[in-house]
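Let's walk through this fold together, one region at a time. Keep the sequence and the 3D view open as you read.

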Amino acid sequence: MADFGIIHISFLPAEGMALFPFILIKKKTYKTDALLIRHEKIHLRQQAEMIVIFFYLFYLLNYLFNLLYYRNHLQAYLNIVFEKEAYTMEGEVEYLKKRRPFAWIKFIF
């Protein structure tokens with residue numbers, strides 16, 4: 001697996017993070033973690049199709065709404081529509097090859 005675009009940042013608050021067009025990882029060993037990298041690549045695709053800025057705006061608004069609803073950070077995070085798609089599909093190796101644009105919409109409900 002090529003690591004072009006994967007950047008190691010030891011003080012990252014999460015194990016991995018997609019910050020278009022890069023994938024940031026907390027530990028160097030995560031470069032070979034196919035599941036984590038696939039999860040972040042799903043986010044990169046989401047970001048690209050939403051012209052990046054709209055992804056971050058919608059992500060934040062979705063999180064804040066969820067936080068009010070669940071009153072729990074973890075539940076709010078796990079119920080962000082983009083995270084639902086990424087966590088659900090990260091195990092499917094060929095997912096990004098067959099994924100349709102805006103596939104995250106089906107994870108709203």
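Helices here are DSSP runs of H or I with at least four residues, numbered from the N terminus. By that naming, F65 is found in helix α2. Keep in mind that you are looking at a predicted model.

Start with the strands. Three of them form an open sheet with mixed pairing, and the order across it is β1-β3-β2. The edges are taken by β1 (6–8) and β2 (16–19); each has a single partner strand, so one side of each is left without a neighbour in the sheet. From one strand to the next, the twist averages 25°. As a reminder, strands of a sheet pair through backbone hydrogen bonds, either parallel or antiparallel. Here β2 and β3 (residues 22–25) run antiparallel and are joined by four bridges.

Now turn to the interior. In soluble globular proteins, nonpolar side chains tend to be buried together. The largest nonpolar core in this model has 15 residues, and those with the most contacts inside it are I42, M50, V81, F82, M89, Y95 and W104. Helices α2 (53–70), α4 (81–89) and α5 (95–98) each supply at least two residues of this core. Which helix gives the most to this core? It is α4, with four residues. Apart from that core lies another, of eight residues, including I23, I25, L36 and I37.

The structure holds 11 aromatic pairs. One of them joins F58 and F82 edge-to-face, at 5.6 Å centre to centre and with 80° between the planes. Because F58 lies in helix α2 and F82 in helix α4, this pair ties together parts that are 24 residues apart in sequence. Are the two partners buried or exposed? F58 is partly exposed, with a relative accessible area of 31%, whereas F82 counts as buried, at 0% relative accessibility. Both belong to one aromatic cluster, formed by F55, Y56, F58, Y59, F82, F102 and W104.

That brings us back to F65. F65 and Y69 form a stacked aromatic pair, 6.4 Å centre to centre with 10° between the planes. An α-helix has 3.6 residues a turn, so residues three or four places apart point the same way. F65 and Y69 both lie in helix α2, four residues apart, about one turn of the helix. Both are exposed; for F65 the relative accessible area is 54%, and exposed means over 50%, so F65 passes that cut-off. Finally, F65 and A76 are 11 residues apart along the chain, and their C-alpha atoms are separated by 7.9 Å.

Methods
Residues numbered from 1 in each chain as written. Predicted model: local features only at pLDDT ≥ 70, side-chain atom pairs only at ≥ 80, totals over all residues. Heavy atoms only, no water. Core = buried A, V, L, I, M, F, W, Y, C linked by side-chain atoms within 4.5 Å. Buried < 20%, exposed > 50% of the residue type's maximum accessible area, 1.4 Å probe, protein only. Pairing = 2+ DSSP bridges. Axes fitted to C-alpha atoms, helices over the stretch in contact; angles between N-to-C directions. Phe/Tyr/Trp six-rings, centres within 6.5 Å; stacked < 30°, edge-to-face > 60°.
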